[in-house]
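Here are a few exercises to work through with the model open in your viewer. Try each task before you read its solution.

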Amino acid sequence: MNALMLLVFDGLLLLGIVSLAWASLASSDDRNSVILFMAFGLVLAVAWGRLMAADVALAEAAIGAGLSGALLLAAVRKRPAQMAAGRANNSHNPDRTGVNMLLQWSVTLLCAALAGTLAWALLDAFSSTPHETLPQAISANLEASGVSNPVTAVLLNFRAYDTLLELAVLLTAVLGILAMGRATAVYQPAGPIFDGLVRWLVPVLILTAGYLLWVGAHAPGGAFQAGATLAAAGVVLHLAGHPRIGLPAGFALRILMAAGVAVFLAVGLSLLVMGRPFLGYPPAWAGALILIIESAAMLAIAATLVLAFVGAFPRSTATRAASRQVREEEAR
Amino acid sequence: MIDVLSSLLILAGLFFYLAGSIGLLRLPDLYSRLHALTKADNLGLGLLIAGLALQAQDLLIAFKLLLIWLAILAASATNAHLIARQARRLESGS
Amino acid sequence: MLTAHVMYGLSGCLLVALGLRTTLLHASLLRRVLAINVMGAGVFMMLIAVAYRGLGVPPDPVPHALVLTGIVVAVSATALALALARRLHAEHDNG
């Protein structure tokens, strides 16, 4: 592929990305913004693929465009109070309430100055030869890391502490969401066509998630992409009106949510007890330990992301009365 | 030779995507827009995947591409049904 | 310095500026959440541009790991922000 075609491709792709972002943020309607943002996320995934970042492209498509999109779409549903009061569509928000032209222009200039500073710093960094010390250290130690995908090695071995804290951040966010105490919506049971789709889609998603988890050791993939695929299966089940969403009940669900951080900590601390540094895997065991941690992380990520979408713990079938109560409450 | 055929298939697929997008912008009614978009996009995707499958290194990758097309076909058809049903419900309900 | 570096790096800076401007000026909560996400996407684009070494050349994996972490944290923060906004609207509607 010659350089000119690549240049044209890059130019068109970046033009599309920036236009979608601008159109999404400048739109007058909230629902419009969300849909354009989802398109932005998907085209961004193409850009990551173009820049040889396949793991990031998978994660962006699954999490950034897919799950974020579902969360945002659920957020722009007409609120029940609005429908009851028969108010006009509140998503047509006034654009700049009470902000005068001078303030607008100075903020725009400041943001342009920020962009200029960042661009100057970036170009300065690009003009010098890249420091290859880290990538060289990674390829030198890749054999001993237990996996052959460098990104997975960095995430789960060389910088495992960051990933542990990231799982903790995800858990904390979901705890915050559950503390709000209000489910997003109760969906009615799906009709025959949607139900037919769910019947084969959910098993395929589960299979794909397992594959992504396994292949992450030697090709683009890994626990996050697999967890997001499982979460997508959970979201589809929730939209089809299944009350349990495939999650276990009560205490088992809480254990599942905490499993990612817990297993990670357990492995790290037991290594500490055995005299090795925290999360310093012995090379012979590294592959197996990484797989164990990734499996627990995948299940935990899936459970927490589904709960983040649903907004509350799933109601068991025994509490049919409670869901009727919520529906009456929303109608009031 | 295979490259030429591949490019032709991909261009044909892009033409159908363009047709679907024009339909989305120009047709008057939700149902006609949904109809045009779903049919044109699915066919466009099929042609695109046929073009890509010709470029695939081995048969397994071509088979995976075919499975992707079938999955998207089913999912987008179900989506169109759900959107149309909800629109019908909103029309007749309120 | 490859052309791709310059193009993607500068687009990243542009996205950050765009997102920041809308975060500061727009009134709607949802729009601000979207704008912060766009800023995040700009930062990710800058990181991945820095990691890029050429088509077919293995890239630097450390920024990729950082961006992966960033995507997951961004979606958790977005989910929490949307839940807070929903609760705020509910309190407002109930008077």
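**Exercise 1. The contact of chain A and chain B**

Task: Work out how many residues each chain gives to the contact of chain A and chain B, and how much area the two bury.

Solution. Keep in mind that this is a predicted model.

Step 1: Count the residues. Chain A gives seven residues to the contact and chain B gives nine.

Step 2: Get the area. Chain A and chain B bury about 590 Å² between them, with 72% of it on carbon and sulfur atoms.

Step 3: Sort the chain A side by residue type. The side of chain A that touches chain B has five nonpolar residues, two polar ones and no charged ones.

**Exercise 2. The contact of chain C and chain A**

Task: Do the count and the area for chain C and chain A, then find which element of chain C gives the largest share of its side.

Solution. 

Step 1: Count again. This contact takes 69 residues from chain C and 84 residues from chain A.

Step 2: The buried area comes to about 6,900 Å² between chain C and chain A, and 78% of it sits on carbon and sulfur atoms.

Step 3: Now the polar links. There are eleven residue pairs in polar contact across the interface of chain C and chain A, both residues at pLDDT 80 or more. Salt bridges between chain C and chain A number two. One of them pairs R31(C) with D30(A), at 3.0 Å from N to O.

Step 4: Helix 1 (3-25), helix 2 (29-51) and helix 3 of chain C are the elements that give two or more residues to the side touching chain A. Helix 3 of chain C has the largest share, at 23 residues.

Step 5: Finish with residue types. On the side of chain C that touches chain A, 46 residues are nonpolar, 16 are polar and seven are charged.

**Exercise 3. A salt-bridge network**

Task: Start from R53(C) and find which residues are linked with it in a network of salt bridges.

Solution. 

Step 1: Over all chains, the structure has eight salt bridges.

Step 2: Take the partner in chain A. E132(A) and R53(C) meet through their side chains at 2.9 Å, N to O. E132(A) sits in the loop between helix 5 (101-127) and helix 6 (133-145) of chain A, while R53(C) sits in the loop between helix 2 and helix 3 of chain C, so this pair joins two chains.

Step 3: Take the partner in chain C. The side chains of D60(C) and R53(C) form a salt bridge at 3.7 Å, N to O.

Step 4: E132(A), R53(C) and D60(C) are linked in a network of salt bridges.

Step 5: E132(A) is partly exposed at 28%, and D60(C) is buried at 9%.

**Exercise 4. Cysteines**

Solution. 

Step 1: Check the total first: the whole structure has zero disulfides over all chains.

Step 2: The cysteine sulfur closest to that of C111(A) belongs to C13(C), and at 13 Å it is too far for a bond. The cut-off for a disulfide is 2.5 Å.

Step 3: C111(A) is buried at 4% relative accessible area, and C13(C) is buried at 2%.

**Exercise 5. Positive phi**

Solution. 

Step 1: M52(A) has a positive phi of about 60°. M52(A) lies in the loop between helix 2 (30-50) and helix 3 (54-75) of chain A, and is partly exposed at 29%.

Step 2: L279(A) also has a positive phi of about 60°. The loop between helix 11 (250-273) and helix 12 (286-310) of chain A holds L279(A), which is buried at 6%.

Notes
Residues are numbered from 1 along each chain as its sequence is written. Chains are lettered from A and ligands numbered from 1 in the order in which they are written. This is a predicted model: local features need pLDDT of at least 70, side-chain atom pairs count only at pLDDT 80 or more; totals for chains, interfaces and linings use all residues. Side-chain values use heavy atoms; hydrogens and water are left out. Helices (H or I, at least four residues) and strands (E, at least two) are DSSP runs, numbered from the N terminus. Buried means under 20% relative accessible area, exposed over 50%, partly exposed in between (1.4 Å probe, protein chains only). Contact means heavy atoms within 4.5 Å. Buried area is the accessible area (1.4 Å probe) that two parts lose on being put together, summed over both. Ala, Val, Leu, Ile, Met, Phe, Trp, Tyr, Cys and Pro count as nonpolar, Asp, Glu, Lys and Arg as charged, and the others, Gly among them, as polar. A salt bridge is a side-chain nitrogen of Lys or Arg within 4 Å of a carboxyl oxygen of Asp or Glu. A polar contact is a pair of N or O atoms within 3.5 Å; within protein, one must be able to donate a hydrogen and the other to accept it, and residues adjacent in sequence count only if both atoms are side-chain atoms.
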